[in-house]
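Student: I have a structure to go through and would like to know what the terms rest on. Can we take them one at a time?

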2 protein chains.
Amino acid sequence: MLDGVKALTFDVFGTVVDWRSSIVREGQVLATQKNLTGIDWAKFADAWRSRYRPAMDEVLAGRRPWTKLDDLHRENLELVLKDFGITGLSEAELDHLNRAWHRLDPWPDAVAGLTRLKRKHILATLSNGNVALMVNMAKRAGLPWDTILGAEVAQAYKPQPAAYLKTAAFLGLRPDECLMVAAHNNDLAVATTLGFHSAFVARPTEYGPGQTKDVKAERQWDVIAKDFVDLAGQLGC
Amino acid sequence: MLDGVKALTFDVFGTVVDWRSSIVREGQVLATQKNLTGIDWAKFADAWRSRYRPAMDEVLAGRRPWTKLDDLHRENLELVLKDFGITGLSEAELDHLNRAWHRLDPWPDAVAGLTRLKRKHILATLSNGNVALMVNMAKRAGLPWDTILGAEVAQAYKPQPAAYLKTAAFLGLRPDECLMVAAHNNDLAVATTLGFHSAFVARPTEYGPGQTKDVKAERQWDVIAKDFVDLAGQLGC
């Protein structure tokens, strides 16, 4: 059934990279540099991330024009810093902290798995992250994408159908020639409705030790893998 | 002066790949398969390529909506086949021949040079080729792009300024943080007007042995290189 799959399209935040631990790491570096004490950086990371969907919903609903994720992150950062009582950062420090999302670390299996998957498949991002974020992240982490696609080039955020369909169209492929890879059941649910094949890769600590959502596959997706190396094996790469 | 350059943006047809020899090769394969005799495939390649600019000009002038290069190539192919008296190709054969542009061979120095350049720089296409064409070409030829950008994602063909400016914007860079690499003086002329840095790489046989245009740099571009390995050396990669 997956013989006709030519491209693997990837969710990135949570699926390929461990955003939470990486934001915590960046916060700890900042804390040392600026003598900030008493901040729970895991809570900071969760707070920053929790503002992502509501901000994006404004764009999804058409209440504000297209705004790339870097800009949504920056607006949200300023709100979260205020909530945590962190003040006195320079513009350069704010920009550097905002670009923490460009410096997220991959899960330990990601680079090895992607490198194997790339031998037989086109690998493209299908993320809500903007192009510069994805390019800089890949460059730093060694993620071997064939190309960066997704929200910014489609000018549509997931779960809007256009984010998926335009990504397939840019690749010159039908949806059924694409396999969506994600650690999130709802991402795969939308993709399969549009004709994509589906691969679930469990990332049960994406949201930290107490994660309750997406700890496992909630449907019989085409592939259910424990990590990217397992995915490569299951796809015969 | 080039210390601030973060990304190299590449013209592809002629600069990275040898389209003319590759189309000749594909024509010769077709001739053998279909028992076509007496066709000068170099003339065929030149005829096909010569229809590219007039077709694109219709889009540039706004007389037809955005049309990707694969589709312009296909329309032009049917005209050229008629001119050369080649008939009886099936839809699958026509599609395969049209995708000859996805199977162009790189110049001998291209992969080695790009691989070195990639160590220090973001490498992105800034070509009029559509995304699928560029992805498939890169996959076959081993071109190590960090991402595919250019005309289709910008929805503007070079030499329209938007093709260059949107490519830089997708990378999150100012034009002066980008170095345009091309074998064509006019491509560099437009790019530098917009603030890009410039590197000329001579491809004096792109149009065959009788080439008269672009045989050498016609201005003092920032870098003038004899091939991509030389370019890597000059940029300290």
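**Core, chains and domains**

Tutor: In this predicted model, the largest nonpolar core has 142 residues, and those touching the most other members are L171(A), M180(A), V181(A), L171(B), M180(B) and V181(B).

Student: Which residues is V181(B) in contact with, leaving aside neighbours within four places in sequence?

Tutor: They are L8(B), T9(B), F10(B), D11(B), T15(B), A199(B), V201(B) and L231(B).

Student: How do you know that chain A touches chain B?

Tutor: Contact requires C-beta atoms within 7 Å. Here 14 residues of chain A are in contact with 14 residues of chain B, so the chains touch by that rule. On the chain A side, α7 (131–141), β3 (147–150) and α8 (151–154) each give two or more residues, and α7(A) has the largest share, five. By class, that side has nine nonpolar, two polar and three charged residues.

Student: Which parts of chain A are called domains?

Tutor: Domain 1 is 7–18 + 105–234, and domain 2 is 19–103. Their C-alpha centres lie 23 Å apart.

Student: How many residues of each domain are in contact with the other?

Tutor: 20 residues of domain 1 of chain A contact 15 of domain 2. On the domain 1 side, α7(A) gives the largest share, five residues; the classes there are seven nonpolar, eight polar and five charged.

Terms used
Residues are numbered from 1 along each chain as its sequence is written. Chains are lettered from A and ligands numbered from 1 in the order in which they are written. This is a predicted model: local features need pLDDT of at least 70, side-chain atom pairs count only at pLDDT 80 or more; totals for chains, interfaces and linings use all residues. Two residues are in contact if their C-beta atoms, placed from the backbone, lie within 7 Å. Helices (H or I, at least four residues) and strands (E, at least two) are DSSP runs, numbered from the N terminus. Ala, Val, Leu, Ile, Met, Phe, Trp, Tyr, Cys and Pro count as nonpolar, Asp, Glu, Lys and Arg as charged, and the others, Gly among them, as polar. Domain bounds come from an automatic or database domain assignment. A nonpolar core is a set of buried Ala, Val, Leu, Ile, Met, Phe, Trp, Tyr and Cys residues joined through C-beta atoms within 7 Å. A residue is buried if 20 or more other C-beta atoms lie within 10 Å of its own, exposed if 12 or fewer, and partly exposed in between; C-beta atoms are placed from the backbone.
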